[in-house]
Amino acid sequence: MATITCIDDLKQLYRRRVPRMFYDYAESGSWTEQTFRENVSDFSRIHLRQRVAVDMTNRSTATTMLGQDVAMPVALAPVGLTGMQSADGEIKAARAAERFGVPFTLSTMSICSIEDVAEHVSKPFWFQIYALNDDDFNRRIIDRAKAAGCSALVITVDLQILGQRHKDLKNGLSAPPKFTLPVLLDLATKWRWGFEMLGTKRRFFGNIVGHVEGVSDPSSLSAWTAEKFDPALNWDRIRRLMDMWGGKVVLKGVLDVEDAERAAEIGADAIVVSNHGGRQLDGAPSSIRMLRPIVDAVGNKTEVWMDSGIRSGQDVLKAVAMGARGVMIGRAYVYGLGAMGEAGVTRALEIIHKELDTTMALCGERRVTELGRHNLLVPRGFSDGWE
Ligand code: GLV
């Protein structure tokens, strides 16, 4: 592809270059994928107020998230198996984010370990955990994140059990992939991916393998979650994890006002309004629809961010104008990573930044921190009117 102009161009390239199993993993929602689709389509229901004859010189997309300076209100979300999208993928993404000036979040379900990533960046990154039913493991992984200098803990609260994504079951998703005939046939056309993968030792769940016992198949995400995740997670357990960490905490996966109030009450420094990219409860509303009532309820008590459905700088602007302090992107950067490695993540960030900056200007704004609901035309009943 000659000229890459948008995130969708990166996605097309990604689709051609990365084995089907991992493309499908990223590109799936649970069950019917209604929520997965609506996360994206609901953004296009919101329109922008075009303003003219407003001075648009000296624009800035800079702001802060968790008190940290960011070049734009966008952080890289924790994404499992990123090191299967491209060899050493988490290291590449962390480096691209650091150079761009936005935060990177490492997933517990990463291929490169916390220590691996720490060795390859110079500034602190954020670390994400799921609550496991093994407090010893929870403590050890939190201690490892502290030792690696991570500056915030992102606790995923919407994945006590894994939503079913049909394609992952059909594909026999695992890291590394098992060499079945369909996988081998697919790999024959993905030689660049295979070649790079042969050049790295990082092909297993790096934070897990060798650090935990009693999982029937350590290469399988579904075996892992079924056997080790804590179905008994409650607010007290979340608070215990927060105490174990003792630093800045982000609670990711809140979609309901009552839950947001609870999260603010227990002292979350930020919450992420999220339905896990449509990968957990199919039929839940899109994140952008739930953002406004949550900002209204707790926006003065904690930072409210959102994820799920962001594919452009215009989406970032809409979320921020709706009241989000910042957003997390997952698929949008994974497309870039799978398409072009580290340079592809940088390209994804550049695209989003340019779209955000230009849209801001055409809306008559010069600072991302001054965006507000006055910039949006939101259809009546978008975030309320439920029976
Ligand atoms: C893990 O968090 C996943 O959504 O697969």
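Among the contacts in the protein chain that link residues at least 6 apart in sequence, 74% join residues at least 24 apart. The model described here is a predicted one, and its protein chain contains 16 helices and twelve strands. Eight of the strands form an open sheet in which the pairing is parallel.

**The chain as a whole**

- A compact globule of 387 residues would have a radius of gyration near 21 Å, and because the protein chain has 20 Å, its value agrees with that expectation.
- Along its principal axes, the C-alpha trace of the protein chain spans about 60 × 55 × 45 Å.
- Of the 387 residues in the protein chain, 58% count as buried, and the accessible surface comes to about 16100 Å², with 52% of it belonging to carbon and sulfur atoms.

- Read across the open sheet, the eight strands follow the order β4-β11-β10-β9-β8-β7-β6-β5.
- The edges of this sheet are formed by β4 (74-76) and β5 (105-106), each of which pairs on one side only.
- At the β4 end of the order, β4 pairs with β11 in the parallel sense over three bridges, and A75 stands opposite M328 in β11.
- Strands β10 and β11 also pair in the parallel sense, in this case over two bridges, and here W305 stands opposite G326 in β11.
- Four bridges join β9 to β10, which run parallel, with A270 standing opposite E303 in β10.
- Four bridges likewise join strand β8 (residues 249-254) to strand β9 (residues 270-273), and these two strands run parallel; in this pairing K252 stands opposite V272 in β9.

**Helix α1 and its cover**

- An α-helix has 3.6 residues a turn, so residues three or four places apart point the same way.
- In helix α1 (residues 7-17), the buried residues are I7, D9, L10, K11, L13 and Y14.
- The cover over the buried residues of α1 includes the helices α2 (20-26), α4 (82-85) and α16 (331-362).

- T35 has its place in helix α3 (residues 34-41), and because its relative accessibility is 0%, it counts as buried.
- Not counting residues up to four places away in sequence, T35 touches N275, G278, L281, D282, G283, A284 and P285.
- V254 is found in strand β8, and with a relative accessible area of 2% V254 is buried, because the cut-off for that label is under 20%.
- Leaving aside neighbours within four places in sequence, V254 is in contact with V157, D259, A260, I271, V272, V273, S274 and I294.
- One of these contacts, V157, is 97 residues away from V254 along the chain, while the C-alpha atoms of the two are separated by 7.3 Å.
- A324 is found in the loop between α15 (313-321) and β11, and at 3% relative accessibility this loop residue counts as buried.
- Leaving aside neighbours within four places in sequence, A324 is in contact with L291, V295, V304, W305, M306 and A319.
- A324 and A148 are 176 residues apart in sequence, and from C-alpha to C-alpha they are 29 Å apart in space.

Terms used
Residues are numbered from 1 along each chain as its sequence is written. This is a predicted model: local features need pLDDT of at least 70, side-chain atom pairs count only at pLDDT 80 or more; totals for chains, interfaces and linings use all residues. Side-chain values use heavy atoms; hydrogens and water are left out. Buried means under 20% relative accessible area, exposed over 50%, partly exposed in between (1.4 Å probe, protein chains only). Contact means heavy atoms within 4.5 Å. Two strands pair if DSSP finds at least two bridges between them. The radius of gyration is taken over C-alpha atoms; the globule rule is 2.2 Å times the number of residues to the power 0.38. Accessible areas come from the Shrake-Rupley method with a 1.4 Å probe; for residues, only the protein chains shown count as cover.
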